[in-house]
Amino acid sequence: MTDFSDTKACETAVCRLDDIGDPGSKGMTLSGPAGLQDIFIVRRGDDAHGYLNSCPHTGAPLDWTPDRFLDLDDRYIQCAMHGALFRIEDGRCIAGPCNGDRLTRVPVRVEAGVVYVNTATVTDGEGAAPC
């Protein structure tokens, strides 16, 4: 998990960890320095990982239906447009036309069962801006 000790003022509680299946995913729209951005959170056990909802190959949203970002085996994030597979833990594409590329990470942390996103890091993928 990322340390947000210097930027807690920019944090937003987005959901409870228990609101996300295990494993599972949840999409949402947040307001950040780049305006409104669609993101998603993937849960695996007590860990949560956040990413922009944008395929590095086409820029298309990744979800099949609302909150459905994982493949049928719940092992990888899967692009609904062309089936590319991404590792949950780091967003790296392991199969598909964007092999080797990565999803844009949105750092999250879990505290007392609540998932927090630092809205200063929710950008258009070009870098973080102060909140």
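Predicted model: local features only at pLDDT ≥ 70, side-chain atom pairs only at ≥ 80, totals over all residues.
Strand 3 covers residues 35-44 and pairs with strand 4 over 6 bridges. R43 has A48 in strand 4 as its bridge partner.

## Salt bridges across the chain

Side chains of opposite charge can pair when their charged atoms come close. The model has 8 salt bridges. One of them joins E11 and R109, with the closest N and O atoms 2.7 Å apart. E11 lies in strand 1 (residues 11-16) and R109 in strand 8 (residues 108-111), so the pair ties together parts 98 residues apart in sequence. Both E11 and R109 are buried.

R43 also forms a salt bridge, with D18, and here the closest N and O atoms are 3.8 Å apart. R43 is in strand 3, while D18 is in the loop between strand 1 and strand 2, 25 residues apart. R43 counts as buried at 10% relative accessibility. D18 is exposed, at 62%.

D90 forms a salt bridge with R102, the closest N and O atoms being 3.3 Å apart. D90 lies in the loop between strand 6 (85-87) and strand 7 (93-95), and R102 in the loop between strand 7 and strand 8, so the pair ties together parts 12 residues apart in sequence. Salt bridges that share partners join R44, R87, E89, D90 and R102 into one network.

Is D90 buried or exposed? D90 is buried, with a relative accessible area of 19%; the cut-off for buried is under 20%. R102 is partly exposed, at 42%.

Note on methods. Residues numbered from 1 in each chain as written. Heavy atoms only, no water. Pairing = 2+ DSSP bridges. Helix = DSSP H or I, 4+ residues; strand = E, 2+ residues; numbered from the N terminus. Salt bridge = Lys/Arg side-chain N within 4 Å of Asp/Glu carboxyl O. Buried < 20%, exposed > 50% of the residue type's maximum accessible area, 1.4 Å probe, protein only.
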